[in-house]
Amino acid sequence: MADLLGRVGFEYNHHLYLDYGLCSDEHGYRLYAGTCNFIFEIRTNFILKKKKTTIIRPPQIHGEDEDEILDSDEDDDDDEILDSEKLGVCITNDEKESLPLAFFICYRLGDYWMTKEEILALDSDAVSFARQMKAAAHPQLTNQLVIPVVVGINVCTVQQEGETIEAARGRAIRSKHLVPVYLWELDCFRFNQCRPVRLMSFLRQLPRIRVVNVDDDEEDFVCSICSKRPWFGVQKTSLPCCGETFHSHCLVPWLEHNHLCPSCASPAYDPDYMHFL
């Protein structure tokens, strides 16, 4: 319950459709003959939902008792797409196994601050949709099928009563405030992945703690990489080697190219071992 209360100001919704363009070589998914291939591509939009303002127009006709309240149609009230990202998996199936979609996407959806129940509901909808599309196909083609499902997710940061647009935008869940999405892209699904497996595993396993009460956070903490204080919903990581703390989304890109702590230069990992493919 505490997690739900901490998430006040955020909403989620999703929609499903087929995109056969995912079957092209350009997307690089590993497809296998003699079985049905299910492609699930998560396409996420991070949206700022602005509080709609109203215009109160005084009575224009003599004798009217009430003001007329109109919704504002100004462009400033339009919801804003902050950024977007994609994450794809390709799962083969021989009818005897369930589709383990949730296992491969739960970590990224957890980064969105979605609850376990929300993640499982999305997984159930996506898998059921894919099964329905397979059932509708010609029976003789079921072992050669590719079912390319797009799972469109809207992660919405909702402007609260009395909150400025700048404040809502500053705390918004968005791709640039999360660890890079490619941490969750596994080589087994795509031909065009070439990042060091050991390093990616190390970066995925770094501890991350979400800030849910800025007032209770350490008063003197400033991320030395971006020079900013934490904000509501952002994740922090303390390096195991030295205990220095940074925004998680700042630290991970740093450690991809530098094995030393940004603050004290303590070795965070052995680069010779981590960069061995």
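Predicted model: local features only at pLDDT ≥ 70, side-chain atom pairs only at ≥ 80, totals over all residues.
Two strands count as paired if DSSP finds at least two bridges between them.

**The four-stranded sheet**

Four strands form an open sheet with mixed pairing, in the order β1-β6-β2-β5. Strands β1 (10–18) and β5 (80–93) stand at the edges. Each has a single partner strand, so one side of each is left without a neighbour in the sheet. From one strand to the next, the twist averages 15°.

The pairing of β1 with β6 (residues 146–158) is antiparallel and runs over nine bridges. Within this pair, H15 lies opposite G152 of β6.

Two helices pack on the sheet. Helix α2 (residues 101–111) touches β2 (36–49), β5 and β6. The direction of α2 makes about 160° with that of β5. Helix α3 (residues 116–135) touches β1, β2, β5 and β6. The direction of α3 makes about 10° with that of β1.

Which residue of β9 is the bridge partner of K236? The partner is H247.

Strands β8 and β9 form a hairpin with six residues between the strands. In this hairpin, G243 takes a positive phi near 85°.

| Strand pair | Bridges | Facing residues |
|---|---|---|
| β1 and β6 | nine bridges | H15 and G152 |

**The cavity**

How many cavities of 30 Å³ or more does the model hold? The count comes to one. The volume of the largest cavity is about 80 Å³. It is lined by 13 residues. Closest to the centre of the cavity are I173, H177, L178, G233 and V234. By class, the lining has six nonpolar, three polar and four charged residues.

How values were computed:
Residues numbered from 1 in each chain as written. Heavy atoms only, no water. Axes fitted to C-alpha atoms, helices over the stretch in contact; angles between N-to-C directions. Contact = heavy atoms within 4.5 Å. 1 Å grid on protein atoms, 1.4 Å probe; cavity = no way out; pocket = protein on both sides within 12 Å on 5 of 7 lines; lining within 4 Å. Points joined across faces, edges and corners; volume = space filled by probe spheres on them. Nonpolar A, V, L, I, M, F, W, Y, C, P; charged D, E, K, R; others polar.
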